[in-house]
Amino acid sequence: MNHHDHDDYEQRGDHDGRRTAAGPEGGGVLTFEALPPARGRGFAETWWGQAWLKALEDSALEGEQLKRGRRQARAGAVGALTVRPGRVTAVVRDRDGTAYRGDVLLPVLDDEEWDRFLAVAVERAGHIAALLDHDMPPHLVEDAAAAGVDLLPGIGDLEPECSCDAWDLCPHTAALCYQVARLLDRDPFVLLLLRGRAERRLLDDLQSRSAARAAAPAGPADDVPGPLPSVRADEAFAAQGILPALPDAPPLPDGAGPPPALDTQTPPAPGVDPDALEFLAGDAAARALVLLAQALGPGHAERPPSPALTADQDAVRMAAAAPPPSVAARLAAATGRSPAALERAARAWRHGGAAGLAVLETDFAPGEAELARATAALESAWDGLGADSGRPRLRAAGTSRWTVVGEHLQLRLGPDGSWWPYRRERSAWVPAGPPSPDPATALASAAGLDREPDGAEEDAREAGGA
């Protein structure tokens, strides 16, 4: 700041160690002393501080940068913070002592937006009282948003800059953002300054508007707005043929977005598993993408809705998505299955969804006509082949299961007439592939996979030293 700037700014300090420079336009600069390490506590307790962190974490492209930034912030590596309209700045030091200047930019509100915000704030006496008490009432933020003024940052609003030359968020700017959340907990006017207005000017504007509102004469009781213009229903329907066509549907995203990072280095509440929550969030995003793809696909309106899954089916579906070991263990316990049984169920789900799971766990009992068709299909599937040319010898192993004699292979019939290949692994029958309407095709897919050696093969391996 040059000498002329000092003439235009009034310096003052207050009880929490910050220095303020309030300019004639109400911009101002606040400098906060370096905050102490934050070990064993969260970075934000107020809802607006948490909203700041959500904007940060939603905008981050790499979760690893956030984790490193949290560690640096907790260790007290962030120096004094300087806050001015649209920018917060601090020096952040790495473990080796190397110092980097980090800046985080936030768009400021223009005069028209501030005018709308002030008009909203004076409508309720509680809004002004809360601000004077350094509180940010949710209703004020909601009312301002309804008026087109977003006080809290959204996805992409926080723009990082760092002397380490990172092109996006780096550990230094992430650490800076975590410390800003601590400042916001203490004083929401930090956010308002970042949006462009210093505390003194904002409170003066609120006071003058409130006084003018109280002094304004009340209008006559019958001075109410007239009815809004309307359109006859038949005229609205008649105009439907001349309305422009709807725009094309947005393109389908390449993939589901990453789940939020829940590693805050703060012990979770009893019974809360952060890994499980992250998995559920990722699973919900993946399912939403599937539903969106179906909605944008042709013939969506004509297709009947998919039947709802039972709790057991949904648990197996989630197990088929390869969850973390702790989540898989919880799913196994919830479904009453052993880990090995849950893995078999998950494999069946990958091959055929709910139908595949039913074939694994239920020996379907076909009626006389269905059994006759199945028997005829088994007899004719290998027609044209000689007895020594690949025709298997089948033995009934249930009402809808046939095992290949001398082999660790099995065919299972599904309720829809499809054939499911199975093979024996470690004394259990496991799904070996997707279903097929032809039993020979299904069995061929299972025969091409590695199979468990029989006793003679094991003896030969041992004798040969294999």
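Me: Is glutamate 64 buried, partly exposed or exposed?
Reply: This is a predicted model. Glutamate 64 has a relative accessible area of 44%. Buried means under 20% and exposed means over 50%, so glutamate 64 is partly exposed.

Me: With which residue does glutamate 64 meet in a salt bridge?
Reply: Side chains of opposite charge can pair when their charged atoms come close. Here the N to O distance is 3.8 Å, and the partner is itself partly exposed at 38% relative accessibility. The partner of glutamate 64 is arginine 71.

Me: In the salt bridge of arginine 87 with aspartate 103, which residue is buried?
Reply: The closest N and O atoms of this pair are 3.2 Å apart. The pair links strand β5, which holds arginine 87, to strand β6, 16 residues apart. Arginine 87 has 22% relative accessibility and counts as partly exposed. The other residue has a relative accessible area of 4%, under the 20% cut-off, so the buried one is aspartate 103.

Me: How many residues apart are arginine 197 and aspartate 111?
Reply: These two form a salt bridge, with the closest N and O atoms 3.6 Å apart. Arginine 197 is in the loop between α8 and α9, and aspartate 111 is in helix α4. Arginine 197 is buried at 6%, whereas aspartate 111 is exposed at 61%.

Me: Which element gives the largest share of the lining of the largest pocket?
Reply: The largest pocket has a volume of about 390 Å³. Its lining divides into 7 nonpolar, 3 polar and 2 charged residues. The largest share, 4 residues, comes from α11.

Note on methods. Residues are numbered from 1 along each chain as its sequence is written. This is a predicted model: local features need pLDDT of at least 70, side-chain atom pairs count only at pLDDT 80 or more; totals for chains, interfaces and linings use all residues. Side-chain values use heavy atoms; hydrogens and water are left out. On a 1 Å grid over the protein atoms alone, a cavity is a set of points where a 1.4 Å probe fits but cannot get out, and a pocket is an open set with protein on both sides within 12 Å along at least five of seven lines; lining residues have an atom within 4 Å of a point. Grid points are joined across faces, edges and corners, and a volume is the space filled by probe spheres set on the points. Helices (H or I, at least four residues) and strands (E, at least two) are DSSP runs, numbered from the N terminus. Ala, Val, Leu, Ile, Met, Phe, Trp, Tyr, Cys and Pro count as nonpolar, Asp, Glu, Lys and Arg as charged, and the others, Gly among them, as polar. A salt bridge is a side-chain nitrogen of Lys or Arg within 4 Å of a carboxyl oxygen of Asp or Glu. Buried means under 20% relative accessible area, exposed over 50%, partly exposed in between (1.4 Å probe, protein chains only).
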